[in-house]
Each structure stands twice: as structure tokens, then as C-alpha cells.
Amino acid sequence: MKQLLFLSIITQLFFITSFKADGQNSAYSIQRADHLVHAHQQNQGPGLAITVRQNGRVLYKQQQGFANLEHRIPVSDSTVFLVGSISKQFTTFSILLLEQEGKLSIDDQVSKHLPELKSLEYPITLRQLANHTSGFRNTYDLNNLRGRKDEELIGQKEMVASLLRQKGLNFRPGERFQYSNSGYVLLAEIVSRISGLSFSDFVEERLLTPLGMRNTQFLEDPGTLVINKADSYIKRGDAYHYIPMNRRIVGSTGLYTTSEDLSKWANNYDQHLVGSAVLSAKMVQPSLLNSGNQIPYGLGVETKMYKGVKVEFHGGGDAGFRAYLLRVPAHNFSVAVTGNYESFNPLNIAYGMIDIFLAESLKKEPKLAPPTYTTKELERFTGVYQVFPGLYITTLAQNDTLYFQAYGSESTLALPPLAEQQAFEFPDRPHSKIVFSDNGFRWHFSDFSYPAQKVTLSPPNYGEISLHDLVGTYNSEELETSYSFVEQNGTLVATHALNPDITLRPIAQDAFISDQSYLGRVEFIRDNSGKVTHCLLSGQTAFDLHFEKMTSQ
């Protein structure tokens with residue numbers, strides 16, 4: 001009996017090894033892949049799951065760590081993770097399915113389907129919502145300005161209602177790219193209104209079931225149970241802490257899935273079991289700005305070249321969950337990575353799998369030595385730069401090194417030069433860099449990119465400002481919330497019924513900044529007589545929200 005059991009185990013191990021090493025992928029490739037994944041092992045901590053697929057077949061699967069730390073439940077191939085913004089691919093695919101059926105056009109004006117937005121200052125198309133060129137203010141800043149925290153229960157109806165009250169935009173649609181989750185919440189609402197189904201039901205019926213994604217769902221109902229769902233964590237010091245995920249917003253996020261199901265979704269771009277080749281091609285086509293300049297983001301998918309091969313990708317992060325999905329279409333190759341701890345950066349694993357399994361197809365790029373600079377040469381990169389309203393960055397040149405410094409801070413971060421022209425590594429975040437141009441720089445933060453303009457600041461002292469004109473209560477109809485500005489010990493402080501008090505610092509006459517990203521800048525506006533009538537509040541991704549002055553103190 002023991003002999004039979006031993007033979008059975010050996011047979012199973014042989015099958016697994018043969019399965020992983022099938023085709024051109026040797027045992028050495030599997031060993032390298034295991035080593036790469038194990039490098040992210042957290043000691044008795046959260047974990048990850050990965051599925052690599054090529055030509056419709058799974059090449060490699062691996063899981064490690066815990067899905068739930070309290071009950072010591074390990075991650076398995078059936079563990080369900082929230083994949084954040086990868087959800088956006090399902091939203092645009094749904095919109096394009098409806099277009100394929102003649103029920104809408106991706107170039108329709110949004111107000112055709114959401115008449116509540118007819119009063120927006122500029123018309124927006126569905127395409128602009130999907131490629132992040134609409135200028136629509138972002139959900140996170142809007143929620144935080146209202147005093148709603150990320151861990152609170154915020155449902156789809158509440159979020160949609162808040163967005164439909166918006167009157168202003170961050171910029172004229174099509175003028176620039178600025179990542180905004182709001183567009184995808186609105187697209188999900190359009191899918192629901194046109195189909196007559198909830199967004200989650202539409203996706204399940206039209207996408208998930210036909211693709212056999214049995215462990216996948218959009219979560220709109222806060223009472224829905226998710227079998228095998230992982231919890232999310234953040235590490236503080238030596239201990240992990242649970243991060244609750246109570247928001248039930250879909251379209252921009254809200255998709256719970258396994259790495260294997262996610263790889264089935266990637267496979268559909270090659271197999272077209274749902275949709276068509278024409279539909280898939282629309283998603284990956286880069287977008288155009290009004291200027292005619294091209295941006296690499298399409299409709300829920302971004303493209304770039306990596307070592308000579310074209311990669312189509314999207315990342316996702318919400319609470320402590322992190323995920324990444326990439327495809328190399330020329331090789332029918334995909335990598336789906338999911339994890340449940342905040343510090344996990346899946347890019348190293350995702351692109352590492354390309355290096356391992358597609359090594360023979362990659363272009364061998366010469367390793368160029370980065371330039372060396374003198375302090376004098378670095379001075380052309382120094383100055384003060386505005387990245388977002390209220391977020392200013394100072395760059396300094398000392399001892400032949402360029403330093404990064406948050407405006408007003410004493411601490412600095414050295415920026416090592418890169419071989420790329422006028423580029424410097426941003427070492428606090430993997431796959432990040434700062435690339436300078438004539439009047440600013442572009443901050444590449446993992447897969448995100450933020451433009452920064454060089455500015456000249458001459459902030460006044462508090463002694464030069466008459467705070468009496470500014471104090472009072474200001475109300476926003478768009479957010480249905482109020483802020484009061486009060487004088488405390490000679491400074492101006494923003495108070496709110498739900499948010500903590502925020503001390504403001506003057507940056508210009510009648511303009512103030514803070515250390516809170518959702519309230520980065522406050523500008524007070526006067527009429528022709530010099531009386532303050534209202535103020536404009538701006539966060540990092542929500543600009544110039546109008547707050548009417550209601551009372552003075």
C-alpha cells in the first residue's frame with residue numbers, strides 16, 4: 001500500500017513538472033520563474049498568485065503567502081483578489097459590445113446617455129471618458145473633500161449621484177491626459193442604463209460566463225459574499241495591519257478575480273471568444289489629443305515597447321491589493337499577477353516573466369553608462385516645479401548630485417542619473433524616473449506619468465495678509481458640503497464637519513496650500529469691489545471646485 005501511495009505521488013509530481021516545462025520552456029525557465037516569485041516572499045505575511053499563459057495554454061502558475069493572516073489561510077489558485085483598475089478593461093469592452101450592437105457610439109457625447117451632465121462647461125465624449133482625456137474630476141479627491149474615507153462604505157449610486165452634480169472640469173476635454181476613475185464610473189452607469197441590467201449583471205452575462213471566469217465578479221452589493229476572497233494588508237513597522245475595503249464602486253474598480261481567471265480574460269484578446277478582433281483592436285489603439293499628439297493609452301489598455309516587443313498592459317491597486325495584467329500580442333503571451341499587500345509592486349514579476357519565457361525574442365539592448373554631471377551642469381535642472389495644485393517640488397544641485405525635495409521640507413532624496421537623456425532615477429519607487437525638458441519635467445511613477453511645470457514662487461508672510469476678509473463658511477452645491485476657514489494663532493485653518501482641521505500656508509496673495517492631497521490649494525476670489533465672494537478648492541486630480549461664501553465670522 002505504501003508503495004502504491006509513493007508511486008502515485010511520484011506520478012503527480014512528474015505530471016506537474018512536465019506540465020510546467022512543456023514546449024520550449026525548460027526546467028531552467030521554471031526554476032528562474034520560481035526564484036523570481038520567491039524573491040517577493042513575505043515572512044509569514046500576505047502573498048500573491050501568478051498565471052503565465054501562451055497560445056491558450058498555462059505555462060506557469062505559482063502562489064505563495066497568506067490570503068488571510070488572522071486565520072492563516074494560504075493563497076491558492078482559487079484565491080480571489082480585488083484587481084483595482086484592471087476592471088477598466090471590462091468596462092470599455094462592455095461599451096464596445098454595445099457599440100457593436102448599434103446601441104451607442106464610442107464617440108457619442110456623454111450627455112446623450114447621461115442628460116444630467118448637459119450643463120457641463122464643455123461637451124465630453126465616451127471615448128474621452130475611456131482614454132482619460134475628459135478632464136473629469138477624479139472620484140478619490142471628490143470623496144475625500146466630502147469627508148468620505150477610502151475605507152467607508154460608498155456605493156455606486158452615491159458615487160454616480162456625486163459625479164452627475166459636477167459642473168466644472170479640470171481642463172478642456174482632449175487637451176491632455178489625466179488619469180481619472182470618474183470616467184469609468186460614468187461608463188458603467190451608461191452600460192446599465194442602455195442594457196437595463198446592473199453593470200455587474202451585464203458583465204457576468206455577456207463576458208464572464210462565456211469565458212468560463214467562474215471565480216470572477218464585480219461587487220456592487222455590500223452584502224455579497226465572495227468565496228475564497230483575500231484580505232488586504234499594509235506593513236507598519238514589523239507588523240501587518242488589515243486594510244478594510246468597503247467601497248462598492250464599479251467600472252473604475254470593483255472586480256474580484258483569480259490570477260487564472262484574469263489570464264483567461266487576457267487570452268480572449270487572442271481567441272475572441274467574446275467580442276471580435278475589431279473590438280479588441282479598438283481597445284489597444286493609442287489615443288489622440290486635440291493637438292494631434294498621440295498618447296499610449298487606448299480604451300482601458302496602454303501600450304509600450306519592452307526590449308523590442310510590444311506590450312499591452314494595465315495595473316491595478318485598491319486598499320492593499322495590487323495587480324498587473326500584460327500581454328505580448330506577437331507571441332500570444334500573457335502574465336496575470338495578483339497580490340494582497342500594499343508594498344507589493346507586481347511590475348518586477350510581470351516583466352521578469354517576459355525576460356524568462358520570451359528571452360530568445362527580446363532585443364538585447366546595450367547597457368549604457370549614465371552620464372556624470374558637475375554641480376554646475378546640474379543647475380539647469382534646478383528650480384521649483386508644480387506637479388499638482390499645491391504640490392511643488394524643489395530640485396537642488398550639490399556635490400555633483402541632483403536632489404529631490406518636497407517644497408518647504410528639509411529632507412532630500414538623491415536622484416541618480418540614467419543613461420536616457422536628461423533622465424534621473426526616482427529611487428523611492430521601482431520603475432520610476434524624472435525626465436527633464438525645457439520648462440519642466442515628466443515624473444514617471446511606475447506606470448503613471450505626471451507633467452510638472454517650472455514656476456517662480458514669492459509666497460507672502462502671514463503678516464502681509466488680512467485674514468479677516470477670508471474667514472467664513474463656504475458651500476459647494478456640486479459636493480453638497482461646506483468648509484469653514486478660521487483664524488487660529490495668526491494662521492488660516494480649513495475646518496470641516498468630517499475631515500480633520502487643515503492648516504494652510506500662503507503661496508500667493510489670496511492663495512494657500514496644504515499638505516493634504518485632496519485639498520492641495522485654496523484660492524479666494526474677490527469681486528470688483530475687493531469683497532471675497534467665493535473660493536476655489538483643488539486637490540491633486542480635482543481642480544477649482546466652486547465654494548460660495550455663505551457667512552463671515
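**Ground rules**

I number residues from 1 along each chain as its sequence is written, and I use heavy atoms for side-chain values, leaving out hydrogens and water. As this is a predicted model, local features need pLDDT of at least 70 and side-chain atom pairs count only at pLDDT 80 or more, while totals for chains, interfaces and linings use all residues.

**Salt bridges**

I looked up the salt bridges, taking one as a side-chain nitrogen of Lys or Arg within 4 Å of a carboxyl oxygen of Asp or Glu. The structure holds 28 of them.

I began with Lys-282 and Glu-99, whose side chains form a salt bridge with an N to O distance of 2.8 Å. Lys-282 sits in helix 11 (residues 277-284) and Glu-99 in helix 3 (residues 87-100), so this pair ties together parts 183 residues apart in sequence. Helices (H or I, at least four residues) and strands (E, at least two) are DSSP runs, numbered from the N terminus.

I then checked accessibility: buried is under 20% relative accessible area, exposed is over 50%, and partly exposed is in between (1.4 Å probe, protein chains only). Lys-282 counts as partly exposed at 35%, whereas Glu-99 counts as buried at 17%.

Next I took Glu-116 and Arg-193, a salt bridge with its closest N and O atoms 2.9 Å apart. Glu-116 lies in the loop between helix 4 (110-113) and helix 5 (126-130), and Arg-193 in helix 8 (residues 182-195), so the pair ties together parts 77 residues apart in sequence. Glu-116 is partly exposed at 36%, and Arg-193 is also partly exposed at 36%.

Asp-355 belongs to helix 12 (residues 347-357) and Lys-307 to the loop between strand 12 (302-306) and strand 13 (309-318), so parts 48 residues apart in sequence are tied together. Lys-307 is partly exposed at 29%. I also noted one network, in which salt bridges with shared partners join Arg-146, Arg-148, Glu-152 and Glu-158.

I counted two strands as paired if DSSP finds at least two bridges between them. Three strands form an open antiparallel sheet in the order 5-9-6. Strand 5 (81-82) and strand 6 (217-218) are its edges, each pairing on one side only. Strand 6 and strand 9 (residues 255-257) pair over two bridges, and Phe-218 has Leu-255 as its bridge partner in strand 9.

**Glu-478**

I found Glu-478 in the loop between strand 24 (472-476) and strand 25 (481-488). Glu-478 is buried, at 8% relative accessible area. For polar contacts I used a pair of N or O atoms within 3.5 Å; within protein, one must be able to donate a hydrogen and the other to accept it, and residues adjacent in sequence count only if both atoms are side-chain atoms. The side chain of Glu-478 makes such a contact with the side chain of Arg-137 at 2.9 Å. A polar atom of the Glu-478 side chain also lies 3.2 Å from the backbone nitrogen of Gly-168.

**Cavities**

I used a 1 Å grid over the protein atoms alone, where a cavity is a set of points that a 1.4 Å probe fits but cannot leave, and lining residues have an atom within 4 Å of a point. Helix 6 (residues 139-145) gives the most to the lining of the largest cavity, with three residues. Among the other lining residues I noted Arg-247 and Ile-249.

Key
1 Å grid on protein atoms, 1.4 Å probe; cavity = no way out; pocket = protein on both sides within 12 Å on 5 of 7 lines; lining within 4 Å.
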